[in-house]
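Subject: Structure for your review

Dear colleague,

My notes on what was found in it follow directly after.

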Amino acid sequence: LAATGFIKWLFSVDRLAAGLQRVPLPAQTALGGLAGGGIALSFPEGLGNGFDVTHGMLQGQADTTRLRGPDGMLALGNLTLLLVALFVIKLLATSISIGSGGSGGVWVLDPSGKHLGTIAHGETATTNVAFGGDDWKTLFFTSRNTLGSVQCKIAGVPVPVGN
């Protein structure tokens with residue numbers, strides 16, 4: 001149920017961002033970054049994957065002052081409401097980021113995970129990537145409605161074929 005709601009909300013924000021097509025993509029991304037930054041400053045618990053704060057809540061060790069609100073409306077004893085509040089915050093932040101073009105490219109990482117650059121393709125989301133071609137130097141990528149490719153200088157790792 002939560003996953004279905006997340007996808008519907010994500011597509012709603014994506015449609016809203018698509019309505020801003022007269023606004024250049026860098027400006028859309030900047031607006032999304034400002035909105036996401038505002039959420040992060042107001043509720044830093046929503047940053048990252050949420051595991052640490054969720055685990056802390058379940059163990060009774062998380063500082064949930066911001067999530068409880070100014071009037072203490074969400075009492076620490078009401079764990080369900082706190083988790084729902086965290087879920088909603090993460091839902092908003094993720095939807096704004098993706099819907100505003102925040103993930104419109106393929107990140108290039110070194111083996112340690114350092115971000116070396118981004119292959120921008122102009123779509124709002126990358127849905128899949130795979131290396132192919134005779135020399136494994138063609139990176140194929142898909143978005144919600146596009147199939148593209150880019151030639152790379154270094155070959156990708158071939159996918160093993162099952163026996």
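Two strands are said to pair if DSSP finds at least two bridges between them. Please keep in mind that this is a predicted model.

Strand β1 (residues 105-109) pairs with strand β2 (residues 115-120) in the antiparallel sense, over five bridges. Among these bridges, V108 has G117 as its partner in β2, and G105 is partnered by A120. The two strands, β1 and β2, form a hairpin with five residues between them. In the turn of this hairpin, G113 has a positive phi of about 95 degrees.

The overall plan may now be described. The secondary structure of the protein comes to five helices and five strands. Read along the sequence, the order is α-α-α-α-α-β-β-β-β-β. Of the 163 residues, 24% count as buried. Among contacts with a separation of 6 or more, 33% are between residues 24 or more positions apart. The protein exposes about 10,900 Å², and carbon and sulfur atoms supply 64% of that area.

Helix α5 deserves a separate paragraph. Helix α5 covers residues 79-99, which amounts to 21 residues. From the first C-alpha to the last, α5 reaches 30 Å, close to the 30 Å expected at 1.5 Å a residue. Several of its residues are buried, including L82, L86, I89 and L91. Also buried in α5 are K90, S95 and G99.

A85 is placed in helix α5 and counts as buried because its relative accessibility is 16%, where the cut-off for buried is under 20%. A85 and G46 are 39 residues apart in sequence, and their C-alpha atoms are 9.6 Å apart in space.

Which residues make the nonpolar surface patch of about 400 Å²? The patch is made by W9, V84, F87, V88 and L92. Helix α5 gives the largest share of the patch, four residues. V84 is found in this helix, and V84 is partly exposed because its relative accessible area is 43%, which lies between the 20% and 50% cut-offs.

Most residues other than glycine have a negative phi. W136, however, has a positive phi of about 60 degrees although it is not a glycine. W136 is partly exposed, since its relative accessible area is 27%.

The other is S143, in the loop between β4 (138-142) and β5 (147-151). Is S143 buried or exposed? S143 is buried, because its relative accessible area is 8%, and the cut-off is under 20%. Leaving aside its neighbours within four places in sequence, S143 is in contact with E123, A125 and T127.

Yours sincerely,

A colleague

Key. Residues numbered from 1 in each chain as written. Predicted model: local features only at pLDDT ≥ 70, side-chain atom pairs only at ≥ 80, totals over all residues. Heavy atoms only, no water. Patch = residues over 30% accessible without salt bridge, like charges linked within 9 Å, V, L, I, M, F, W, Y side chains within 5 Å. Areas by Shrake-Rupley, 256 points an atom, 1.4 Å probe, with all protein chains shown as cover. Salt bridge = Lys/Arg side-chain N within 4 Å of Asp/Glu carboxyl O. Buried < 20%, exposed > 50% of the residue type's maximum accessible area, 1.4 Å probe, protein only. Contact = heavy atoms within 4.5 Å. Expected span 1.5 Å × (residues − 1).
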